[in-house]
Amino acid sequence: GKGLSAMKAQELWNEAVEAAVKSGNTNLEAFACERAGMHFLRTGVEGFCADYMIRSHKVYDQCQYIAKVIDLETNHGDLLNITQKRARPASAYNQMNASLKPSDKQIGG
């Protein structure tokens with residue numbers, strides 16, 4: 001089948017986001033926005049992508065999902081129009097970095 005048009009896809013993503021908002025699931029709102037942003041990033045619709053990623057970042061930040069905020073800032077900072085990252089405890093960045101890097105330790109001997 002033929003792929004969805006960008007406008008139809010946006011309509012469907014907006015329905016998902018608004019359903020999350022109406023039900024009070026801010027974490028689901030943030031996740032839906034992030035996934036919508038990733039969809040539009042893959043399909044090359046940068047304007048829609050940035051709109052959803054900015055909203056996702058804002059809502060994750062309001063929910064205090066620090067790892068998600070750091071992930072978006074690190075991997076999609078160019079889309080977020082962030083001039084300056086919020087100061088966060090160094091431990092939050094260290095934990096995030098540790099979880100992203102493969103372990104140097106070998107199992108067994």
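Predicted model: local features only at pLDDT ≥ 70, side-chain atom pairs only at ≥ 80, totals over all residues.
Biologist: How are helix H1 and helix H3 oriented to each other?

Modeller: The axes of H1 (residues 6–23) and H3 (residues 46–63) come within 12 Å and cross at roughly 10°. Angles under 35 degrees count as roughly parallel. Helices H1 and H3 are therefore roughly parallel.

Biologist: Which residues of H3 make the contact with H1?

Modeller: On the H1 side, the contact involves Ala6, Met7, Gln10, Trp13, Asn14, Val17, Glu18 and Val21. The residues of this contact divide into seven nonpolar, two polar and two charged. On the H3 side, the residues are Phe48, Tyr52 and Arg55.

Biologist: Is Leu4 buried or exposed?

Modeller: Leu4 is found in the segment before H1. Leaving aside neighbours within four places in sequence, Leu4 is in contact with Ala9 and Leu12. A residue counts as exposed over 50% relative accessible area. With a relative accessible area of 57%, Leu4 is exposed.

Biologist: What kind of aromatic pair do Phe40 and Tyr52 form?

Modeller: Phe40 lies in helix H2 (residues 26–43) and Tyr52 in helix H3, twelve residues apart, and the pair links distant parts of the chain. The ring centres of Phe40 and Tyr52 are 5.7 Å apart, with 10° between the planes. Planes under 30 degrees apart count as stacked. The pair of Phe40 and Tyr52 is thus stacked.

Biologist: Which residues form one aromatic cluster?

Modeller: Phe40 and Phe48 form an edge-to-face pair, 5.2 Å centre to centre with 75° between the planes. Phe40 and Phe48 are buried, and Tyr52 is buried as well. The cluster consists of Phe40, Phe48 and Tyr52.

Technical notes: Residues numbered from 1 in each chain as written. Heavy atoms only, no water. Axes fitted to C-alpha atoms, helices over the stretch in contact; angles between N-to-C directions. Helix = DSSP H or I, 4+ residues; strand = E, 2+ residues; numbered from the N terminus. Parallel < 35°, antiparallel > 145°, perpendicular 65-115°, else oblique. Contact = heavy atoms within 4.5 Å. Nonpolar A, V, L, I, M, F, W, Y, C, P; charged D, E, K, R; others polar. Buried < 20%, exposed > 50% of the residue type's maximum accessible area, 1.4 Å probe, protein only. Phe/Tyr/Trp six-rings, centres within 6.5 Å; stacked < 30°, edge-to-face > 60°.
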